[in-house]
Amino acid sequence: MTIDIKNPSFLLDGEEVPFTEGQTVMEAALTAGSYIPHLCFHPELQAHGSCRLCIVESDNRLHASCTLQANSRLKVSSQTQAINKMRKHIVQMLFVEGNHICPSCEFSGNCQLQAMAYELDMEEGHFHFRYPKREQDASHNDIFLDRDRCINCELCVRASRENDAKNVFSLGGRGTETHLCANSASGKLGDTSLDVSDKAANICPVGALLINDQSYVTPKEDRVYYQTSISLRGNRRPKEIE
Amino acid sequence: MRVQRVGPYPIAKPPPAQRLIGSLLANKRLPRHALLQALGMLQYHCGWISPNHLSDLSRFAKLSIGEIKGIIEFYHFLSLQPPKPYCIYLSTNIIDRWQRAGLDLSLLEENENVDVKQTSCVGMCDQGGSLLINGLPLTGLTQERIEKINDLILRQEPLSQWPQDWFTVEESIHVKGPLLTNSIQPGDALNKARKLGEAGFLKILQASNLRGRGGAGFPTHLKWKACIDARGDQKYIVCNADEGEPGTFKDRLLLTSYLAKVVEGMCIAAWMTGASRGFIYLRYEYIYLLEKIQATLSACREQGVLDSATFDIEVMLGAGAYICGEESAMLESMEGKRGIPRIRPPFPVTHGLFDKPTIVNNVETFCNIAYLADDGLQAFIDNGNAGSRGSKIHSVAGDCERSGIYEYPFGSTVKEMLHGCGGEQAQAVQVGGPSGKLVLRADFDTPVDFDHVSSSGSFMVFGPGRDLKLVAQNFLHFFKDESCGFCTPCRVGTQVLAQHFDRVCEGLESQHEWELMNDIASLMGQASHCGLGHTAANPFIDWRDNNVTADSLSAKPEFIPVFDLAKATAYSRSLREENHDN
Amino acid sequence: MSLLDIDERLLDLIEKVEFGRSPINDIKVPGACDIGLVEGGLCNEDNVRTLNEFRENCSILVAVGACAINGGVPALRNEIDLKDCLETSYLTGVGIVDAQIPNDSELPLLLDKVHPIFDAVKIDYVLPGCPPPAEAFLELVTAVIEGREPNLGYQLRRFD
């Protein structure tokens with residue numbers, strides 16, 4: 001392969017993906033229309049690298065593609081059986097770690113975790129369910145925080161800091177006790193400056209942060225991932241698909 | 001910070017925050033990076049972070065209480081719960097458990113004046129039964145002493161009135177190599193390095209092939225060169241004294257008795273890179289060393305080795321988190337945040353502490369630098385072998401006659417080391433702690449070096465009667481307790497793996513269970529964010545590879561239920577029986 | 001019951017299969033059987049006994065629906081101690097008259113936690129959904145009869 005300095009590209013599953021200086025493999029792939037599964041990545045926010053769904057193989061090692069800098073020498077594999085099996089296990093880990101009861105969740109059909117499970121042919125939890133006890137927070141007039149469904153992706157944390165200039169959220173605890181905190185004296189969401197129009201309130205990939213009057217407004221059939229898989233739709237929120 | 005003994009905790013009348021953390025405040029403001037230091041001091045002096053102190057901190061640091069709580073919850077020595085007058089921590093490390101075997105601690109557990117909690121290894125594996133009380137180590141436990149402790153706690157006798165010899169940590173060095181015998185006149189190593197010039201000493205460093213002693217073995221000259229080349233108006237030198245790998249206590253010795261040498265090594269790093277500030281990140285478990293370290297640093301200032309105009313060193317305290325031994329997590333912690341490993345690259349050498357170029361090296365690595373500068377290249381490379389030059393200090397503990405410190409040239413075999421410590425009977429040795437490797441008797445000829453079995457300095461000896469399955473279980477629980485929780489494979493994987501391995505230990509292993517564990521181990525090893533996750537399944541993998549064959553696996557039942565019906569219905573059965581009794 | 005949603009195709013199916021124990025025919029003790037479809041999580045000892053009978057008698061056992069797969073909504077009680085759960089529901093909760101915990105010997109003993117059926121027996125196939133789409137049942141049963149792997153398309157693998 002010759003390296004075109006003006007129009008550099010790398011190989012993703014054998015296909016050339018062009019990139020611009022400073023882009024990560026994830027950014028370049030998404031720009032080129034190649035989907036790499038992910039949950040904690042958002043193009044407008046700093047990369048995080050925590051969910052590990054975007055693992056790709058290069059040089060016999062796995063990397064998170066959202067933090068892997070693109071370069072012309074890269075040969076990256078993403079859609080292999082082995083990697084997708086690992087991704088499926090990661091999604092299963094997220095399911096057994098929290099309390100993800102899809103039938104009673106308002107976000108079902110719009111949920112990116114659920115969509116990822118469909119995408120990766122997940123049928124069951126595979127590991128033992130933990131059924132943790134987690135605190136809910138209904139103190140905010142417009143927004144409900146259901147920690148049962150939180151996957152610690154920190155999208156809301158980052159959106160609040162980077163986009164809303166507010167710093168409403170942070171993580172507390174360690175290990176599997178890690179949990180989302182509201183940065184107020186009481187620790188309650190209602191005592192923060194979070195507003196329904198904030199990016200942080202409209203970025204949750206699962207049903208952990210819900211805007212109160214927006215649940216069940218769309219019938220099942222019209223929800224984001226009812227007809228179409230996440231690899232075709234992309235990681236989208238309900239409002240982003242109209 | 002003064003480390004006078006605190007106990008009983010001043011629960012009724014806690015000192016005002018300002019008095020305890022005044023030295024950290026500038027114009028009534030607490031700089032962000034000083035937050036963890038402030039929390040550590042409040043914890044040490046009060047036994048918890050009280051709501052009053054929390055709101056003081058929130059005001060001083062201009063951070064919300066919610067956010068500060070999130071940081072407190074990350075570090076297990078920091079507590080938000082009102083304390084009892086005393087707090088005891090017992091190490092969960094397998095060697096410490098064995099050292100305490102035969103001691104009945106129920107007296108203390110039932111004593112209402114003391115909380116008895118658990119923590120990971122406290123670096124006292126060579127001290128007999130030991131514990132931390134109100135932050136300080138108490139060694140050489142006997143049943144008689146436990147009873148006396150219990151009385152003192154009942155009477156709420158101030159810790160300063162307790163027999164002071166209980167608090168001594170005796171260093172027992174059994175084999176001294178060049179590192180532990182060489183004595184440096186203050187400033188000598190730095191002067192000798194200076195004579196060679198920066199380029200000259202870097203060449204020596206490269207020729208020595210010195211590799212980091214913290215476990216990863218990264219070539220020191222590459223790290224230093226990268227930091228020297230990095231652009232930055234300010235650079236930092238950080239000494240990693242967060243000796244957290246269970247079974248390791250060699251840095252404790254170096255900090256106690258060889259700190260001048262460590263300082264000299266840091267000074268050389270500062271001179272090479274132009275750094276004017278250095279830090280020692282000390283694990284909270286070693287808070288008892290703080291005064292001694294401060295005194296040595298003062299002496300270095302008097303001798304002119306350190307001075308605020310060119311290069312000075314401060315101590316920063318951790319607060320209980322194994323992950324902070326990972327260099328980028330340590331930097332986060334030093335900045336007053338939760339100790340989550342950073343995304344790398346960029347590496348600390350270009351974007352380190354406060355985003356400035358930073359060299360992070362282990363305590364022992366800095367010692368080696370000083371030794372290399374003082375005694376020269378030839379003396380240094382006379383020890384070890386081509387891939388692993390120099391010598392290594394080992395913390396030897398467990399089932400052997402003489403636990404303590406041993407310095408051996410790299411390439412010494414496990415057998416030689418066992419001979420040295422009177423552990424010839426061992427059935428296995430864990431080299432490099434839980435994240436390292438279990439070496440079985442058949443492999444005792446294996447050299448301990450970077451090319452064979454690499455070590456961060458922990459050498460745990462397991463005698464013939466020990467159940468290695470329980471050792472693996474202990475290590476897996478250690479990782480479960482210490483995973484930082486950032487990435488999915490490690491956060492969930494360590495939990496699930498420990499849970500499944502518990503079932504193996506109960507004899508409830510099925511083929512199905514093994515398939516799950518294999519999947520988890522492979523995922524954690526490949527897909528985790530940092531080294532902790534990559535190595536956290538090692539105890540399982542070692543156990544599996546040493547004990548499970550295709551034949552033994554196919555002989556196991558295909559499936560075993562996860563729960564026991566009798567146990568699961570015990571409560572509702574008891575209700576029914578109550579009913580009948582009425 | 002969502003099996004019935006396959007409507008008139010049930011008539012074709014019935015040509016090929018014979019129903020053992022089911023809510024339709026009320027047979028209590030099943031005999032040897034090719035396919036067992038099990039819905040619901042394990043909440044009490046009777047559930048466990050029934051599941052074990054199914055496993056012993058069925059060549060292929062299928063977990064049907066969210067509750068069988070992950071405990072579902074009943075598993076929401078798993079984060080609460082059973083004692084607290086019963087006391088709040090029957091003794092101390094709001095609006096309770098004649099407070100007592102139901103404890104008749106006719107009632108099956110409750111398990112301390114609700115378990116997915118995966119926790120008790122080996123499961124061969126999974127039909128996710130609440131309930132699973134009727135088409136999914138048909139495809140699974142047809143595939144098993146024809147001796148091939150079932151092929152549940154995107155629309156047939158739903159968690160809600």
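**Strands, domains and contacts in a predicted model**

Strand E3 of chain B (residues 131-133) pairs with E4(B) in the antiparallel sense, and 3 bridges join the two. Strands such as these are DSSP runs of E with at least two residues, while helices are runs of H or I with at least four residues, and both are numbered from the N terminus. Two strands pair if DSSP finds at least two bridges between them. Within this pairing, Leu131(B) stands opposite Leu138(B) in E4(B).

The structure is a predicted model, in which local features need pLDDT of at least 70 and side-chain atom pairs count only at pLDDT 80 or more, whereas totals for chains, interfaces and linings use all residues. Residues are numbered from 1 along each chain as its sequence is written, and chains are lettered from A and ligands numbered from 1 in the order in which they are written.

The pairing described above belongs to an open sheet of 4 strands in chain B, which follow the order E2-E1-E3-E4 with mixed pairing. Strand E2 (114-119) and strand E4 (136-138) of chain B stand at the edges; each has a single partner strand, so one side of each is left without a neighbour in the sheet. From one strand to the next, the twist averages 30°, an angle taken between N-to-C directions on a scale from 0 to 180 degrees, with axes fitted as lines to C-alpha atoms.

Chain B may next be viewed by domains, whose bounds come from an automatic or database domain assignment. The chain is divided into domain 1 (86-170), domain 2 (174-381), domain 3 (393-466) and domain 4 (469-554). Between domain 2 and domain 3 of chain B, the C-alpha centres lie 26 Å apart. Here, 18 residues of domain 2 of chain B are in contact with 24 residues of domain 3 of chain B, contact being defined by C-beta atoms, placed from the backbone, that lie within 7 Å. On the side of domain 2 of chain B that touches domain 3 of chain B, there are 6 nonpolar, 7 polar and 5 charged residues. In this classification, Ala, Val, Leu, Ile, Met, Phe, Trp, Tyr, Cys and Pro count as nonpolar, Asp, Glu, Lys and Arg as charged, and the others, Gly among them, as polar.

Chain A is divided into domain 1 (9-79) and domain 2 (84-215). The C-alpha centres of these two domains of chain A are separated by 24 Å. In the contact between them, domain 1 of chain A supplies 14 residues and domain 2 of chain A supplies 18 residues.

Methods
Contact = placed C-beta atoms within 7 Å.
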